[in-house]
Amino acid sequence: MMILYVLVALVLLGVLITVHELGHFAAARALGIPVKEFSVGFGPKIFQRQSRKTGTLLSLRPILLGGYCMFYGDTDDDPKGELADDPRNYNKAPVWKRMISVAAGPLMNLVLAYVVAVVFMAAYGLMLAPPNLASVEAGLPAEAAGLRAGDIILAVNGQDMEEVEEVTQAISNAAPGEALELEVQRGQDTMTFTVTPFYDEAEGRYRIGVTLQNVTSLPANLVLSEAWDLCVSSSTAILEALGKLVTTGEGLDQTSGPVGIVQVVAQGTQEGGLYVLLGMAVVISINLGLVNLLPIPALDGSRLVFMALEAVRRKPVSQRVEAMVHMCGYVALLALMLFFTFKDVARIFIG
């Protein structure tokens, strides 16, 4: 079962990154900027076709955790400037068009996050804390103990509960035969129930037989505004976390690379289903958009800085210099990725 959820996590990340690159591609085509190749995935090509109308190579590659939109004569494609005289050269396009084509990738992630947030709010409603019981399965420990749908879980073994994942983890981590004490609010009353989880072979974890939720339904006229508020609050939290990470190093021990992100998404989806998957999709898509707008070499934000300098100076920065800066950025990002991957793998297998 866990393999299935890992595949779901990989597909989610692949979709978010592909949408990012699709933003670059769509903006460039709309502005009349030729695209040399648009690829879904990295690695050796599985399928490739050249558009007769535009000449763009459309490629599918096996490593779906990425993709790219390559322009003629861009620094990545032509670090030595050999395509300087090619009429299709990306750098011959007006700087404002190039800036839009670069910014469109991160902006597409932000747009996607809002669309997913709308779907989330329409399907599930407003998030609540603490979690409540959406349903209680017949014949299982929760029903036998007296729990009912609508009960609000305040605490498990004296530990306050704020999220569905906290309750699920507290139950999953129960020792064999261990009885859990659940503090529950029912209407105006606070009650205590003792429940002994059972091991579900199909799920591969301990359960008590309940479906948890952190949401309440919304009227249709509030869906769009609540989705916007969710995106704004998520963006604020991400920016604050990034600020602390850069200035004080706070949160570095909790930062993960691709392996850690896949693990968190897979585990969250296994425990909370589509509800958790959609919530994570909103946060990760916003994260991807905002981080790419930072002025870090090799990221879109750095490219925007070079283009802004070109607009102010009325002449481009040396393409060779820009290529070297981005190459240094790629090396640094690769080193960081390897570091976080090693840390994530060690955490998974060593603890």
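Visitor: At roughly what angle do the axes of H6 and H8 cross?
Guide: This is a predicted model, in which local features need pLDDT of at least 70, side-chain atom pairs count only at pLDDT 80 or more, and totals for chains, interfaces and linings use all residues. Residues are numbered from 1 along each chain as its sequence is written, and side-chain values use heavy atoms, with hydrogens and water left out. Axes are lines fitted to C-alpha atoms, for helices over the stretch in contact, and angles run from 0 to 180 degrees between N-to-C directions. The axes of H6 and H8 come within 7 Å, and their crossing angle is roughly 45°.

Visitor: Which class of orientation does the pair H6 and H8 fall into?
Guide: Helices (H or I, at least four residues) and strands (E, at least two) are DSSP runs, numbered from the N terminus. Angles under 35 degrees count as roughly parallel, over 145 as roughly antiparallel, 65 to 115 as roughly perpendicular and the rest as oblique. The axes of H6 and H8 cross at roughly 45°, so the two helices are oblique.

Visitor: How many charged residues are in the contact of H6 with H8?
Guide: Contact means heavy atoms within 4.5 Å. On the H6 side are Pro258, Val259, Gly260 and Gln263, which meet Met337, Thr341, Asp344, Val345, Arg347 and Ile348 of H8. Ala, Val, Leu, Ile, Met, Phe, Trp, Tyr, Cys and Pro count as nonpolar, Asp, Glu, Lys and Arg as charged, and the others, Gly among them, as polar. The contact of H6 with H8 then has five nonpolar residues, three polar and, as charged residues, two.

Visitor: What is the handedness of the crossing of H5 and H6?
Guide: The axes of H5 (residues 223-247) and H6 (residues 258-292) come within 10 Å and cross at roughly 55°, so this pair is oblique. A crossing is left-handed if the near helix is turned anticlockwise from the far one by less than a right angle, and right-handed if clockwise. The crossing of H5 and H6 is right-handed.

Visitor: How many nonpolar residues make up the contact of H5 with H6?
Guide: H5 contributes Cys231, Ser234, Ser235, Ile238, Leu239 and Leu242, and H6 contributes Val282, Val283, Ile286, Asn287, Leu290 and Val291. No charged residue takes part and three are polar, so by the classes given above the nonpolar residues number nine.

Visitor: How do H2 and H7 run relative to each other?
Guide: H2 (residues 95-123) and H7 (residues 300-313) have axes 10 Å apart and pack at an angle of about 165°. Their crossing is left-handed. By that angle, H2 and H7 are therefore roughly antiparallel.

Visitor: How many charged residues are in the contact of H2 with H7?
Guide: Val95, Arg98, Met99, Val102, Ala103 and Pro106 of H2 meet Asp300, Arg303, Leu304, Met307, Ala308, Glu310 and Ala311 of H7. Nine of the residues are nonpolar and none is polar, and the charged residues number four.

Visitor: Is Pro106 buried or exposed?
Guide: Pro106 is found in H2. Leaving aside neighbours within four places in sequence, Pro106 is in contact with His20, His24, Gly289, Asn292, Leu293 and Asp300. Buried means under 20% relative accessible area, exposed over 50%, partly exposed in between (1.4 Å probe, protein chains only). Because its relative accessibility is 0%, Pro106 counts as buried.

Visitor: What C-alpha to C-alpha distance separates Met324 and Ala298?
Guide: Met324 is in H8 (residues 319-349) and is exposed, with a relative accessible area of 54%. Ala298 lies in the loop between H6 and H7 and is buried, at 10%. The two are 26 residues apart in sequence, and their C-alpha to C-alpha distance is 9.8 Å.

Visitor: With which side chain does the side chain of Ser51 make a polar contact?
Guide: Ser51 is in the loop between strand S2 (47-50) and strand S3 (57-60), and its 18% relative accessibility counts as buried. A polar contact is a pair of N or O atoms within 3.5 Å; within protein, one must be able to donate a hydrogen and the other to accept it, and residues adjacent in sequence count only if both atoms are side-chain atoms. At 3.2 Å, the partner of the Ser51 side chain is that of Thr54.
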